[in-house]
Amino acid sequence: MDRTKYLNFCRECVMVCKKGTNGILKNVPDRLRIVYKGIEYYPLSYELAFFDDGSVNHIAIIHDLKANSVCHVPLGSVKEKEN
């Protein structure tokens, strides 16, 4: 997924979604949901890191919509949910 688009999704989620227990977002609209390995998540945040060779590592930090879990995954592996 494009970094700018992902960051916009993160920002919108915080602005439009209500927080539930432990700050978990509730009622995330379909248009802001993302998919990683066939599972739906909402975008939580972004991390810029580096591999050992100095190349950039873009990391999407995503929250599972069904299980209360957070994953750190390659941004390039995240897709928009198809409507």
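**View 1. Cysteines of the predicted model, with Cys 71 and Cys 10 in focus**. In this predicted model, the sulfur of Cys 71 lies 14 Å from the closest cysteine sulfur, which belongs to Cys 10, and this distance is too far for a bond. A disulfide is a covalent bond between the sulfur atoms of two cysteines. Searching the whole structure gives zero disulfides. Cys 10 takes part in no disulfide either, since the nearest cysteine sulfur, that of Cys 13, is 7.0 Å away, whereas a disulfide is counted when the two sulfur atoms are within 2.5 Å.

**View 2. The nonpolar surface patch of Leu 48, Phe 50 and Val 56**. These residues, Leu 48, Phe 50 and Val 56, form a nonpolar patch on the surface, and together they have about 290 Å² of accessible area. Val 56 lies in strand 5, which covers residues 56-64, and with a relative accessibility of 41% Val 56 counts as partly exposed.

**View 3. Contacts around Val 35 and Lys 81**. Val 35 is part of strand 3, residues 34-36, and, when its neighbours within four places in sequence are left aside, Val 35 is in contact with Glu 40, Ser 77, Val 78, Lys 79 and Lys 81. Lys 81 belongs to the segment after strand 7 (79-80), and, with the neighbours within four places in sequence again left aside, the contacts of Lys 81 are Asp 30, Arg 33, Ile 34, Val 35 and Glu 40. The side chains of Lys 81 and Glu 40 are also joined by a polar contact of 3.3 Å. For Val 35 and Tyr 6, which are 29 residues apart along the chain, the C-alpha atoms are separated by 12 Å.

**View 4. Positive phi at Asn 22**. Asn 22 is a residue other than glycine with a positive phi, near 60°, and its place is in the loop between strand 1 (18-19) and strand 2 (25-26). The relative accessible area of Asn 22 is 71%, so this residue is exposed.

**View 5. Positive phi at Lys 37**. In the loop between strand 3 and strand 4 (39-50) sits Lys 37, a residue other than glycine whose phi is positive, near 50°. Lys 37 is exposed, because its relative accessible area is 69%.

Technical notes
Residues numbered from 1 in each chain as written. Predicted model: local features only at pLDDT ≥ 70, side-chain atom pairs only at ≥ 80, totals over all residues. Heavy atoms only, no water. Patch = residues over 30% accessible without salt bridge, like charges linked within 9 Å, V, L, I, M, F, W, Y side chains within 5 Å. Areas by Shrake-Rupley, 256 points an atom, 1.4 Å probe, with all protein chains shown as cover. Salt bridge = Lys/Arg side-chain N within 4 Å of Asp/Glu carboxyl O. Helix = DSSP H or I, 4+ residues; strand = E, 2+ residues; numbered from the N terminus. Buried < 20%, exposed > 50% of the residue type's maximum accessible area, 1.4 Å probe, protein only. Contact = heavy atoms within 4.5 Å. Polar contact = N/O pair within 3.5 Å; in protein donor to acceptor, adjacent residues only side chain to side chain.
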